[in-house]
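Open the structure in your viewer and keep the selection tool at hand. We will go from stop to stop.

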Amino acid sequence: VKRVFGWILSPAAAPYALAARVLVGAVLAVSGFTKLMSPPEELALVMESYKLLSPSAAMTFARILPWIEFLGGIYLIVGYMTRFMAFIASVLFMVFLFALLSAVARGISLEDCGCFGRAGPHLSPLQAALMDMFLLAASVFSMVSPHRRFSVDGSLAPPGAKPKTRGV
Amino acid sequence: MFGKRFAVGLVIGLVAVFAVLLSRQSHWNASYRVPSYRLAGEPSASVVMMEFSDYQCPSCAQAQSIVKDLLGRHKSRLKVAFRHYPLQTHRWARLAALAAETAGVQGKFWEFSEKLFETQKEWGASDNARPHFIRFAQELGLDMERFERELDSARWDGLIQQDLIEGVARQVSSTPTFFIGERRLVGGSQLQANADRLIELLEMP
């Protein structure tokens, strides 16, 4: 664990931190955007199929969730409040994983995970779970990493801040 | 420092929100024109519920009882307009819509639709659904020569295509999708949870 954290803090991890942040941000932004382009009722229907929410709760989440994903994704891509946005992303991926795994455990057959709305690519529950696990790891990495290359956070850091946390 | 940080975040957020709002498709022009035989309920009813449905979709078959209950509860104020939305993933859905339309011009649209939904599993899984549709037409006492001729020549396919075009314009992608006024409801559970309230709201002077 010490070695892993040592590597995360080392300059060698900076390009990976940048890649992880942009990847998580891009996936969230695209996923939120495709959902926002479709009527929320479509997403609510997919949420209902998980049998975790009532129709009215699903509708409320279907209106809010795409905006959180989209704006969180955009802020991660540009590196604004990276740590907080990566935390939000980690929570989202944990919730998605819980929903998927609990649906599989309860024997609910999901035609489509609904990860990218109705219009986007359709993933099976297994594909979606693997993707969520990978993205959860990437967002946790972005959250704990101190590197802020090519980011708004790095550009706004005071001149005296640690060099490795500043923009290139 | 905090003010600058907040301002930068606000600008990025606003640009992103405007990009989404500009990319969203504009609203459709509401048109409720469907052949009269595809209207159920009181003709003078003030509230129109439009149903985009696919005869081979199991959720559509399940939703029919909810539609019937609604028509029973709101007898004088609700009418239902049926729109075809056969999905490409359902092999016989378009032919079923064509058969229903062909029966419709002979005045048996709803009876034929009911048979299609009730026996969906039977003809949906068959290698050839046509004989099933012919049998339904016979059972309903239709003019068989005319039915078969119009079914085989796809005479009323234009009406189905028109529904599909309108469905796409309304961003319908799942069936059944209902519209009560401007409000969209996707699937039976959303219909059951919201329809009564919406009908009452639209009825208010």
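In what order do the five strands of the open sheet in chain B stand? The order is 1-3-2-4-5, and the pairing is mixed. Keep in mind that this is a predicted model.

**The sheet edges.** Select residues 39–41 of chain B for strand 1 and 183–186 for strand 5. These two strands stand at the edges. Each has a single partner strand, so one side of each lacks a neighbour in the sheet. Now look along the sheet: from one strand to the next, the twist averages 25°.

**Strands 4 and 5.** Pick out B:Phe178; opposite, in strand 5 of chain B, is B:Leu185.

**Across the sheet.** Next, select residues 187–203 of chain B. This is helix 9, which lies across strands 2, 3, 4 and 5 of chain B. Helix 9 runs at about 155° to strand 5 of chain B.

**Over to chain A.** Select A:Glu41, in helix 3 (residues 40–49) of chain A. Is A:Glu41 buried or exposed? Its relative accessibility is 6%, so A:Glu41 counts as buried. Beyond its neighbours within four places in sequence, A:Glu41 has contacts that include A:Met59 and A:Arg63. Its contacts in chain B include B:Arg183, B:Arg184, B:Val186 and B:Gln190.

**The cysteines.** Show A:Cys113 and A:Cys115, which form a disulfide with sulfur atoms 2.0 Å apart. The structure holds one disulfide over all chains. The link of A:Cys113 and A:Cys115 is left-handed, with -140° about the S-S bond. Both cysteines, A:Cys113 and A:Cys115, are buried. Finish in chain B: B:Cys57 counts as buried at 4% relative accessibility, and B:Cys60 counts as buried at 0%.

Terms used:
Residues are numbered from 1 along each chain as its sequence is written. Chains are lettered from A and ligands numbered from 1 in the order in which they are written. This is a predicted model: local features need pLDDT of at least 70, side-chain atom pairs count only at pLDDT 80 or more; totals for chains, interfaces and linings use all residues. Side-chain values use heavy atoms; hydrogens and water are left out. Two strands pair if DSSP finds at least two bridges between them. Helices (H or I, at least four residues) and strands (E, at least two) are DSSP runs, numbered from the N terminus. Axes are lines fitted to C-alpha atoms, for helices over the stretch in contact, and angles run from 0 to 180 degrees between N-to-C directions. Contact means heavy atoms within 4.5 Å. Buried means under 20% relative accessible area, exposed over 50%, partly exposed in between (1.4 Å probe, protein chains only). A disulfide is a pair of cysteine sulfur atoms within 2.5 Å.
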